[in-house]
Amino acid sequence: MRQTLPPDALDATDRLLINRLQDGLPLTHAPFAPVAQEAGISETEVVDRIAHLREIGAITRFGPFLDAEAMGGAFCLCALSVPPDRFDEVMTLVNAHPEVAHNYERQHRLNMWFVLACERPEEIAEAAGRIERETGLKVLRFPKRHEFFIGFRVEA
Amino acid sequence: MTVDATDRRILKATASGLPLTPHPFEEVGRWLVLPENEVIARIQAMQDDGVIRRVALAPNHYTLGLAANGMSVWDLADDQAEKLGAEVGALPFVSHCYLRPRALPDWPYNLFAMLHGRSREEVEAKRSEVAALLDAACRSHDILYSTRILKKSGMRLAGEG
C-alpha cells in the first residue's frame with residue numbers, strides 16, 4: 001500500500017505506539033507493559049491497536065528484523081547501463097535469475113539496479129558472469145564495505 | 001554465531017510477525033513447545049550477535065506520508081569516508097547507508113544513502129543538507145530516483161530451500 005493515510009486515520013495514542021515501538025521491543029514476558037503505561041492504556045489495547053494499524057496499512061510488520069547476511073547469505077548490489085531499446089528484453093533476462101532478489105529502474109545512465117542474493121559469496125560472481133554473457137552488458141558490482149544503520153525514524 | 005535448528009524454528013515461526021498478544025514470546029513457545037524463557041534467551045542471543053537487528057514495528061513510510069525517496073550517492077575522500085558515512089547514517093531521514101567500492105571510470109561514488117521525504121522537493125532539500133554536512137570532503141554527488149520496481153521477491157533464509 002502506497003497511498004498516504006488521511007491525517008485523522010491515527011490518533012495521538014497510535015502515533016505514540018508507532019514512534020516508540022519502531023525502536024525495538026524489550027525481550028520480556030510483558031514487552032508491551034512500558035508503552036502501555038506511557039500511553040495510559042492496557043497491554044491488550046496496545047496489541048489491538050497494533051493489529052488495527054496493520055489492517056489500515058500504517059505499519060508493514062511487527063516482529064524480528066533479520067540481518068540477512070548474518071544468517072549466512074551473500075548479497076551484492078549491481079547496476080547495468082541498458083540501452084533504452086533493449087530495456088524490456090534485458091529486464092526479462094535479469095529477472096529470470098532466481099538470485100535476483102529485487103530490481104529497480106532508476107533515472108540515470110546506469111538505469112537498472114538489482115540485488116543478487118546467494119547462499120555463498122562465490123555464487124555472486126558466477127551469477128553476475130551469467131548475466132553478462134546473456135545480456136552482453138557489463139555488470140557493475142557494488143558489494144557493501146561498511147553499513148551505517150542507526151538513525152532512520154518515521155515520525156508518525 | 002551459528003544459528004541452530006531451534007533458532008531457525010523461532011525465526012521461521014515469527015517470519016511474518018510476532019503473535020499479537022500481551023505475552024508474544026510465551027505464545028511462540030506454545031507453538032514450538034519451548035519454554036518462554038528459552039524463546040526469549042534465544043532471541044536475545046541472536047539480537048546480541050546481530051542476526052536479529054531488533055524486534056520492532058515497521059512503520060509504512062509511504063502511508064505515513066514519506067512517499068518520496070531517492071538513492072543519493074557521494075564521492076568522499078577515502079580517509080574520511082568511515083567517519084562521514086557514520087554521520088550521514090545517523091541522520092533521521094537516511095535509511096540504508098553504505099560504503100561501497102567505486103567502479104571507475106563508470107562510477108566515482110563510494111557512499112550510498114537512501115533519502116526519504118514527503119515530496120521530491122523535500123528529498124532534494126535533504127540532499128542539500130547532506131552536501132552541506134560533507135562539505136569539502138565530497139568531490140561530487142548525484143541522486144537516482146526509482147521509476148519502476150522491476151522485481152521484488154522476499155529474501156529466502158539460507159538453508160531453507
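This is a predicted model: local features need pLDDT of at least 70, side-chain atom pairs count only at pLDDT 80 or more; totals for chains, interfaces and linings use all residues.
How many residues of each chain take part in the contact between the chains? On one side there are 82 residues of chain A, and they touch 79 residues of chain B. Putting the two chains together buries an area of about 7500 Å². Carbon and sulfur atoms give 61% of that buried area.

Polar groups also meet across this interface. There are 37 residue pairs in polar contact between chain A and chain B, counting pairs in which both residues have pLDDT 80 or more. Which element of chain A gives the most residues to the side that touches chain B? It is strand β1 of chain A, residues 59–66, with 8 residues. Taken by kind, the residues on this side of chain A comprise 45 nonpolar, 19 polar and 18 charged ones.

Charged side chains can meet too, and the interface of chain A and chain B holds 4 salt bridges.

Next, step back and look at how each chain is divided. In chain A, the domain assignment gives domain 1 at residues 7–55 and domain 2 at residues 74–142. The C-alpha centres of these two domains of chain A are 40 Å apart. Chain B is also assigned two domains, with domain 1 at 5–48 and domain 2 at 68–144. Here the C-alpha centres of domain 1 and domain 2 of chain B are separated by 37 Å.

Finally, two details of the chain B backbone are worth a visit. Where does B:Pro105 lie? You will find B:Pro105 in the loop between β3 (94–99) and β4 (111–117) of chain B. The peptide bond that joins B:Leu104 to B:Pro105 is cis, with omega about 5°. The other detail is B:Val33, in the loop between α2 (24–32) and α3 (36–48) of chain B. This residue is not glycine, yet the phi of B:Val33 is positive, near 55°.

Methods. Residues are numbered from 1 along each chain as its sequence is written. Chains are lettered from A and ligands numbered from 1 in the order in which they are written. Side-chain values use heavy atoms; hydrogens and water are left out. Contact means heavy atoms within 4.5 Å. Buried area is the accessible area (1.4 Å probe) that two parts lose on being put together, summed over both. A polar contact is a pair of N or O atoms within 3.5 Å; within protein, one must be able to donate a hydrogen and the other to accept it, and residues adjacent in sequence count only if both atoms are side-chain atoms. Helices (H or I, at least four residues) and strands (E, at least two) are DSSP runs, numbered from the N terminus. Ala, Val, Leu, Ile, Met, Phe, Trp, Tyr, Cys and Pro count as nonpolar, Asp, Glu, Lys and Arg as charged, and the others, Gly among them, as polar. Domain bounds come from an automatic or database domain assignment.
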